[in-house]
Amino acid sequence: VHTDFSINGVMSELVKRTSTNNPTVVITPLGSAQSGGPLAEVEARFARRMAAYEERMAKAEFNESRMAAFEKRIEKRMAKAEAVEKERKREKKEVEAVAPTKKAHGIHMALFLAANAEGTSRMKRWALMLVSIFIVLGQCTVLMVIVFEASEPRCMQHSDCNEGNFCAPDWSAKIYPGVCADCYEADPSTRQFLIEKKGRTYLSQGGDEFWDEASQYCNETDTMPTLCDHYINSREAMSGGGFLVLIFSAFVALIPAVQDLDQSHDESIVMAILKARSPLFYISNRLRMYLVPCLVVAASAALILSDRFTAQNFLLNGMAIGFASSIDDLLSFIYLTGRARQEVEKKVEELLKQEDKERGWKRNRLYYGVLVLTLVTSVVFTEDLVYVVGREVNLGDDVTRFSCGNLGDVAVFLPFIVGVGVGLFMVTVNERNRSWFDKVKDTVMTFVMVLLGTFISDRISTYLHFRVD
């Protein structure tokens, strides 16, 4: 058994054997043609082993190259994944940075830019304008319905109403469900006067039994026949802390309104820059600037006046109205992707790059302060306002009343007057209306649009309020 398999060991062993057995044999170098016998066999075996070794080395090198290529592919994929993740984080950061600011333009700006983009057909342009106007009218209708439902809530029995009110037949002469009305209508003589002189024929429905029961209920619960018991009791029970929370709630409820004012102001500038002929967008813009904020104040006042004057109710009602008034912004987050919102913001930023937005910003904050003051005044000085604008202060029977039925009138009247007045003033001082003709035209159109929008939303909300089937 030989343990040394190196080439030197093999050669020395062969020399030893051939020298002993056959002295005449001459040892030649390895690989020589003259070599033979066992040496040739060893040479061949060694050559085969070397070939196998070289083959294994070649395979190893091939596998190494394949592994290197695989590692390169993995590195490329990892780099691509990192780039995608980095881009996603950047987009998310941009969206988060844009969302809470006044520059986060809503669904109306997106619709306007889409309608005035190159290649947009006329039919699609009008369809987008109609979507915008329907959103605004829907928002106005919701706010007006809140005013109706808060000032004249539906009821099934007398105890469903506030103090000094009973469940009376509604305007469509339905008794169940009815609407809460001031107890003075349950008095037989006053009711007869209202039927004959004021044409309130629905008060004749219900029969004697119903009206006897209503009159008895009001005699037991109505402690101030010529006043609104609910408001007087709530006003006297309000503390200084409650008044502070009322002011805070007014600011909270109208924050979405001032954000909407900023967006509408930017939209009006973009419309002027693009010189786009979009009449429905013009109407939508004017309604959002001068009607929606007024209805937000009216709905807030109606909700507050319909409930107890407590800090909790002030805060909850303010937050509820703030949510209801920001519905158009919520639609943009529902129906627009993050990339679409970024494209809208970039386009608007390019268009408004050279514009002076400070004047509009100051005017909107002034408008915001006036709206907050209007809301607080409507709640605190309701009794004084009722004697000015109430429909039922004096019905011709020589009795001066502060009726709970006038709370809705107060909630709507003062915000509407303030909103229209401020709106006309802001249109007049608008620096883009350079000539007096443009100022007069814009003022008249704004006034007409606000009146028309109020009428449409009032008619729709009245129909919905008294439709129960």
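Which residues make the nonpolar surface patch of about 560 Å²? The legends below, which refer to a predicted model, take up this patch and then turn to a pair of helices and the salt bridges around them.

**View 1. A nonpolar surface patch that includes Tyr 463.** The patch, with an area of about 560 Å², is made by Leu 452, Phe 455, Ile 456, Ile 460, Tyr 463 and Leu 464. Of these residues, Tyr 463 has its place in helix 18, which covers residues 436-465. With a relative accessible area of 48%, Tyr 463 is partly exposed.

**View 2. The packing of helix 9 against helix 10.** Helix 9, formed by residues 255-274, packs with helix 10, formed by residues 279-290, at an angle of about 150 degrees, and the two axes lie 9 Å apart. Because angles over 145 degrees count as roughly antiparallel, helix 9 and helix 10 are described as roughly antiparallel to each other. Their crossing is left-handed.

**View 3. The salt bridge between Asp 260 and Arg 288.** The structure holds 4 salt bridges, and in one of them the side chains of Asp 260 and Arg 288 meet with an N to O distance of 2.5 Å. Asp 260 belongs to helix 9 and Arg 288 to helix 10, so this pair ties together parts that are 28 residues apart in sequence. Asp 260 counts as buried at 3% relative accessibility, and Arg 288, with a relative accessible area of 1%, is buried as well.

**View 4. Glu 267 and the network of salt bridges.** Arg 288 also takes part in a salt bridge with Glu 267, in which the closest N and O atoms are 2.6 Å apart. This pair again links distant parts of the chain, with Glu 267 in helix 9 and Arg 288 in helix 10, 21 residues apart. Both Glu 267 and Arg 288 are buried.

**View 5. The salt bridge between Arg 365 and Asp 262.** Here the side chains of Arg 365 and Asp 262 meet in a salt bridge, at 2.7 Å from N to O. The pair links distant parts of the chain, since Arg 365 lies in helix 15 (residues 358-380) and Asp 262 in helix 9, 103 residues apart.

Key. Residues are numbered from 1 along each chain as its sequence is written. This is a predicted model: local features need pLDDT of at least 70, side-chain atom pairs count only at pLDDT 80 or more; totals for chains, interfaces and linings use all residues. Side-chain values use heavy atoms; hydrogens and water are left out. Patches are made of residues with over 30% relative accessible area and no salt bridge: like charges are joined within 9 Å, nonpolar side chains (Val, Leu, Ile, Met, Phe, Trp, Tyr) within 5 Å. Accessible areas come from the Shrake-Rupley method with a 1.4 Å probe; for residues, only the protein chains shown count as cover. Helices (H or I, at least four residues) and strands (E, at least two) are DSSP runs, numbered from the N terminus. Buried means under 20% relative accessible area, exposed over 50%, partly exposed in between (1.4 Å probe, protein chains only). Axes are lines fitted to C-alpha atoms, for helices over the stretch in contact, and angles run from 0 to 180 degrees between N-to-C directions. Angles under 35 degrees count as roughly parallel, over 145 as roughly antiparallel, 65 to 115 as roughly perpendicular and the rest as oblique. A crossing is left-handed if the near helix is turned anticlockwise from the far one by less than a right angle, and right-handed if clockwise.
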